[in-house]
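Biologist: I should like to learn how to read a structural model, feature by feature. Might we begin with a single residue and its surroundings?

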Amino acid sequence: MILTVNGEVREAAPRPGQCLRTLLREHGWYGVKKGCDAGDCGACTVHLDGEPVHSCLVPAFRAEGRAITTIEGLAGSCRPGEGPPAVLHPMQEAFLAAQGFQCGFCTPGMIMTAAALDQGQRRDLATALKGNLCRCTGYRAIGDAIAGIGHVDRDTDGAADPCGRNLPAPAGAAVVSGTARYTLDVPLEGMLHMKVLRSPHAHARVLRIDRAAALAVPGVVAVLTHDDAPAKRFSTGRHQDPLDDARDTRVLDDVVRFVGQRVAAVVALGEAAAEAGCAALVVDYEVRPAVFDPRAALMPEAPPVHARPGVAAGTHPNLAAEVHGEIGDVAAGFSRADLIHEGTYVSQRVQHAHLETHAAIGWRDAAGRLVIRSSTQVPFLTRDALADLFDLAPEAVRVVCGRVGGGFGGKQEMLTEDLVALAVLATGRPVAWETTREEQFVGATSRHAMRVGVKIGALRDGTLTAIALHVVSDTGAYGNHAGGVIHHGCNEVIGVYRCPNKRVDAYAVHTHTVPAGAFRGYGLSQTVFAVESAMDELARGLGIDPFAMRRLNVVRPGDAMVSTSLAPHDVAYGSYGLDQCLDRVEEALAAMPPAVPPSPDWLTGEGMAMAMIDTIPPRGHVAEASVALTPEGRYALSVGTAEFGNGTTTVLGQIAASALGTTPDRIAIRQADTDAVGHDTGAYGSTGIVVAGQASLRAATALAEAIRAAAAARAGVAADVCRLGIDAVAVPGGAVALADLARESALVGHGRADGTPRSVAFNVQGFRVAVHRLSGEVRILDSVQAADAGRVMNPMQCRGQIEGGVAQALGAALYEDMRIDDAGAVTTRTLRDYHVPSFADVPRTTVLFADTHDGIGPLGAKSMSESPFNPVAPALANAIRDATGARLTQTPFAPDRIFRAVMAGGSGSRAQRP
């Protein structure tokens with residue numbers, strides 16, 4: 001057939017059943033993305049004769065004789081592989097001006113849809129964009145782009161400090177033109193494709209795998225089973241200290257512990273042959289008993305998920321981790337209380353749903369090194385894990401990222417790289433593996449489902465007397481992040497409150513279900529939901545305003561931050577803006593016009609909640625950076641951290657530019673490559689600015705000193721009278737060109753940060769809602785969040801992070817639920833069934849910043865990536881409680897659950913007076 005794409009005519013031979021999306025990518029149009037292959041996300045949107053279509057739903061043969069336009073050709077005719085066009089399409093320019101993207105994976109499809117909208121459709125974006133999902137932005141910036149509202153500060157002449165300004169992302173033009181390269185957007189000659197056979201059983205031993213029929217499938221090159229995999233065990237969870245997570249996982253195992261676990265892999269010339277090979281495998285299983293509820297898993301008769309012969313006497317083998325601690329005398333504290341609230345709050349599993357699924361490509365380079373190109377937040381930790389797993393020297397392995405299409409903690413795991421490495425080592429050829437959206441649900445990781453029992457006592461004046469938490473966390477079949485999540489989830493949530501008596505008993509429990517892992521908030525969203533709901537009930541019972549209740553009891557500078565232990569720690573008040581955050585949300589809600597219900601069946605209410613988070617994970621988080629002066633008199637910054645929509649690249653450029661007296665556009669950034677610097681722990685725990693940024697600042701400062709010294713020596717003056725400029729160093733009586741200094745000697749600055757000491761950041765969320773008492777429908781009338789991010793390095797970008805966090809948290813609070821059936825299988829396997837929030841579901845959130853300057857973070861900055869998520873569910877629950885009188889104790893707040901609570905007429909929790 002004849003294929004006409006972006007004005008280029010060529011012959012194509014689509015395979016039977018092939019969709020247009022895959023055909024376009026095979027011809028080099030990588031701006032056409034795969035997010036679902038079910039027509040749910042819109043990442044693959046192209047124009048067919050000028051009309052936007054989801055190319056994953058269009059049979060390739062139907063494109064014959066029609067004009068196809070992809071994101072690369074929206075501005076005019078082009079050829080595959082060309083960079084951003086010299087002149088962008090007006091809609092691409094609008095998205096660039098509004099910075100209507102974060103990770104950017106959805107952006108090509110979003111722009112293609114937006115570019116085809118008429119004026120009427122633009123007035124109803126909730127309907128017009130219903131087929132396009134964004135997991136990162138919260139949609140406000142997308143709506144602004146379509147409305148022609150820009151936010152970027154175009155003044156980049158270097159007159160002003162680049163920090164604190166709305167400067168654009170360096171990759172912006174590539175993102176909006178579809179030329180940014182994500183993991184699989186690179187052609188490799190002779191590349192093989194891999195597909196995986198997954199277990200239909202929750203617990204079974206693999207007795208036999210017959211490969212013969214699979215190997216007979218045309219195009220199949222290899223079949224890999226547990227017999228081919230290393231016997232060594234590892235954890236998919238990656239931390240600076242690899243012993244933080246249990247080594248309980250094999251690349252391929254002869255025991256499966258959840259429905260969806262990898263059993264075998266088929267490597268073939270194409271994906272269709274690999275799928276056919278998987279279907280031809282014959283596996284004999286010995287099915288074993290399974291347990292799916294964490295409380296049942298701790299019963300004496302429960303089947304063990306792992307054989308753990310070294311477990312201490314009296315410890316259940318299904319107990320993956322536990323936290324116990326008490327300060328003061330909790331029983332005495334409750335005996336003093338005038339009012340006690342006690343309740344149990346349940347948070348469900350939530351999928352990360354980053355639009356770029358887990359994927360990796362592996363090959364051997366010219367030197368024989370194993371190279372893995374991966375969609376990961378932790379390239380260096382992945383390299384180290386692969387080297388250890390396959391008995392290779394670390395320098396014999398290179399891990400590199402392209403642009404990463406979202407993460408939210410889900411890519412702090414090694415879920416594809418190990419199996420791709422095994423396939424490369426087994427075949428000696430390049431191998432690619434892209435997980436499907438269904439595999440993301442059944443075989444990746446999720447947020448930990450938690451049951452949190454909370455008991456809080458207070459005096460009549462609101463002063464807290466005791467806090468007790470009892471937490472049961474379902475960590476699933478494997479222990480990746482089991483201990484870290486339960487420790488973190490039980491720390492800041494009560495550390496933010498001054499209370500002399502606190503107790504925590506927390507258990508992370510194995511079940512025969514899909515593993516949980518790192519997720520935005522890392523355990524805090526579940527426990528904050530419980531504690532902040534309880535605080536609201538106490539305030540109501542005592543007749544105290546909820547803002548006043550918090551002000552009375554929160555820690556202040558000078559107070560010890562204590563959760564379960566009085567042991568010394570490295571967390572300090574680098575700055576403190578919680579008081580400002582409380583004030584600003586309260587004032588914003590008060591300034592809004594009174595809510596007017598549409599009818600008497602609509603009940604209105606208001607609620608708030610707050611959260612504190614440590615700015616860096618404990619026990620070390622390392623980043624190294626280097627900055628070099630280039631022969632052109634510009635700069636090259638090398639860092640290890642990855643860019644996945646967190647905005648790190650933009651801010652690192654601003655920080656380095658500030659130290660060097662230049663503009664960010666004069667700094668080229670190389671990142672997320674284990675060849676770039678010595679080490680980087682990774683882009684997780686909100687460390688991109690506060691750790692990688694600190695290393696970048698130190699490297700840039702060292703280079704600035706070296707440049708001044710070199711200029712001083714050349715001019716015969718003291719270094720302290722030399723001033724760095726854009727192109728030259730100003731010296732008394734003249735200037736020394738940077739390019740001249742670069743030609744005379746290699747000038748490089750190095751920096752390192754180790755993640756200690758740590759500061760704290762704060763978020764306060766407020767909602768006004770209307771609830772339909774007969775249907776249970778919730779409408780968010782107003783949303784406001786105040787954040788203490790220290791010195792806000794890029795207000796536009798930080799606002800986007802907060803809006804995205806609120807949007808994702810609203811999805812978890814209202815819609816999203818990974819459901820598991822009685823056989824342990826995940827039943828929500830598509831984005832459509834799962835309900836990722838669309839444009840219509842997300843209200844605009846007013847974002848307000850505290851005015852603080854952190855003494856620990858680089859140039860006064862603090863982290864602000866995970867924390868906006870944490871106070872959203874309780875603030876919404878508290879608003880619904882205010883409207884209806886019903887206390888919701890389980891997420892998501894589905895309409896039927898709200899209806900039943902309203903009809904029951906009770907609070908759903910227990911308050912008592914001793």
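**Reading a predicted model**

Modeller: Setting aside residues up to four places away in sequence, Gly749 touches Ala625, Ser626, Val627, Ala699, Ala702 and Leu703. Please bear in mind throughout that this is a predicted model.

Biologist: Where is Gly749 placed, and is Gly749 buried or exposed?

Modeller: Gly749 lies in strand β28, which covers residues 748-753. A residue counts as buried under 20% relative accessible area. Gly749 has a relative accessible area of 1%, so it is buried.

Biologist: What is the separation between the C-alpha atoms of Gly749 and Arg140?

Modeller: The two residues are 609 residues apart along the chain, and their C-alpha atoms are separated by 39 Å.

Biologist: Let us turn to a helical residue. Which residues does Leu578 touch, not counting residues up to four places away in sequence?

Modeller: Leu578 is found in helix α19, residues 578-591. Its contacts beyond the sequence neighbours are Val496, Val554, Met610, Phe762, Val764 and Asp788. Leu578 counts as buried because its relative accessibility is 0%.

Biologist: How should one check the length of a helix?

Modeller: One compares the expected span with the distance between the end C-alpha atoms. The expected span is 1.5 Å times one less than the number of residues. For the 13 residues of helix α25 (residues 872-884) this gives 18 Å, and the end C-alpha atoms are 18 Å apart, so the two agree.

Biologist: How many of the residues of α25 are buried?

Modeller: An α-helix has 3.6 residues a turn, so residues three or four places apart point the same way. In α25, 12 of the 13 residues are buried, and the helix is mostly covered. Among the buried residues are Val872, Leu876, Asn878, Ile880 and Arg881. Helix α15 (residues 482-489) is also mostly covered, with 6 of its 8 residues buried. The buried residues there include Val485, Ile486 and His488.

Biologist: What follows α25?

Modeller: Gly885 follows α25, and its phi is positive, near 80°.

Biologist: Which residues does a cis peptide bond join?

Modeller: Pro757 is in the loop between β28 and β29 (760-772). Another cis peptide bond joins Thr891 and Pro892, again with omega about 0°. Pro892 is placed in the loop between α25 and α26 (895-904).

Biologist: How should one read the protein as a whole?

Modeller: One may start with the secondary structure: there are 26 helices and 32 strands. Next comes the radius of gyration. A compact globule of 914 residues would have a value near 29 Å; the protein has 28 Å, which agrees. The C-alpha trace spans about 80 × 80 × 60 Å along its principal axes.

Biologist: What share of the residues counts as buried, and what share of the contacts is made by residues 24 or more positions apart?

Modeller: Of the 914 residues, 62% count as buried. Among contacts with a separation of 6 or more, residues 24 or more positions apart account for 79%.

Biologist: What remains to be said of the surface and the charges?

Modeller: The protein exposes about 30900 Å², of which carbon and sulfur atoms supply 52%. There are 83 positive and 97 negative charges, and their mean positions are 1 Å apart.

Definitions and conventions. Residues are numbered from 1 along each chain as its sequence is written. This is a predicted model: local features need pLDDT of at least 70, side-chain atom pairs count only at pLDDT 80 or more; totals for chains, interfaces and linings use all residues. Side-chain values use heavy atoms; hydrogens and water are left out. Helices (H or I, at least four residues) and strands (E, at least two) are DSSP runs, numbered from the N terminus. The radius of gyration is taken over C-alpha atoms; the globule rule is 2.2 Å times the number of residues to the power 0.38. Buried means under 20% relative accessible area, exposed over 50%, partly exposed in between (1.4 Å probe, protein chains only). Contact means heavy atoms within 4.5 Å. Accessible areas come from the Shrake-Rupley method with a 1.4 Å probe; for residues, only the protein chains shown count as cover. Lys and Arg count as positive and Asp and Glu as negative; His and the chain ends are not counted. The place of a charge is taken as NZ of Lys, CZ of Arg, CG of Asp or CD of Glu.
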